[in-house]
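Hello,

Here is the structure for you to take over. My notes on what I found follow below it.

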Amino acid sequence: MPSTLGTDTGVKVKDGDGRMLIGELSRRTGVSRRSLRYYEQHGLLRSRRSANGWREYDDAAERRARAVAEMLAAGLTLEGVKELEPCLDMHDLDACDDPGFALETYRARLAVVEERLRALRHHRDELARRVDELASH
């Protein structure tokens, strides 16, 4: 199937079958091409290869890519996103088969982040104390 340049983007898109190339998916989602390839490498995004080897994505990939990016931006690790992979096609995690599982995944990650914050506050306080000590001499 031929590809054309999108009229407003200059990015090649597939004609007719609802498939898009990686540049168009990146433009639509705001997720870099590199990140999209990374998501695919880890099984969080799927593509079909065209005859010339280019990745082609369907419309569902747009929702999945956004969901993965949002989860990572919220502080989940890639492993946490993988745990919630069955929920990625849902419009929101509450619609997932087991929303309690999603809640536990987020709670576990929150506990890790809070522990790191406590450690950082301790380091900050210790450094500030030493700066004050040295500055007063």
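**Around helix α2**

The buried residues of α2 are covered by elements that include α1 (22-29), β5 (55-57) and α3 (59-73). Contact here means heavy atoms within 4.5 Å. Helices (H or I, at least four residues) and strands (E, at least two) are DSSP runs, numbered from the N terminus. This is a predicted model: local features need pLDDT of at least 70, side-chain atom pairs count only at pLDDT 80 or more, and totals for chains, interfaces and linings use all residues. Residues are numbered from 1 along each chain as its sequence is written, and side-chain values use heavy atoms, without hydrogens and water.

Helix α2 spans residues 33-41, and Leu36, Tyr39 and Glu40 are buried in it. Viewed down the axis of α2, its buried residues lie within an arc of 100°, so they line one face. The arc is that of the directions from the helix axis to the C-beta atoms. Arg34 and Gln41, on the other side of α2, are exposed. Buried means under 20% relative accessible area, exposed over 50%, partly exposed in between (1.4 Å probe, protein chains only). Gly43 follows α2, with a positive phi near 80°.

Leaving aside neighbours within four places in sequence, Leu45 contacts Leu25, Leu36, Tyr39, Glu40, Tyr57, Ala61, Arg64 and Ala65.

Best wishes
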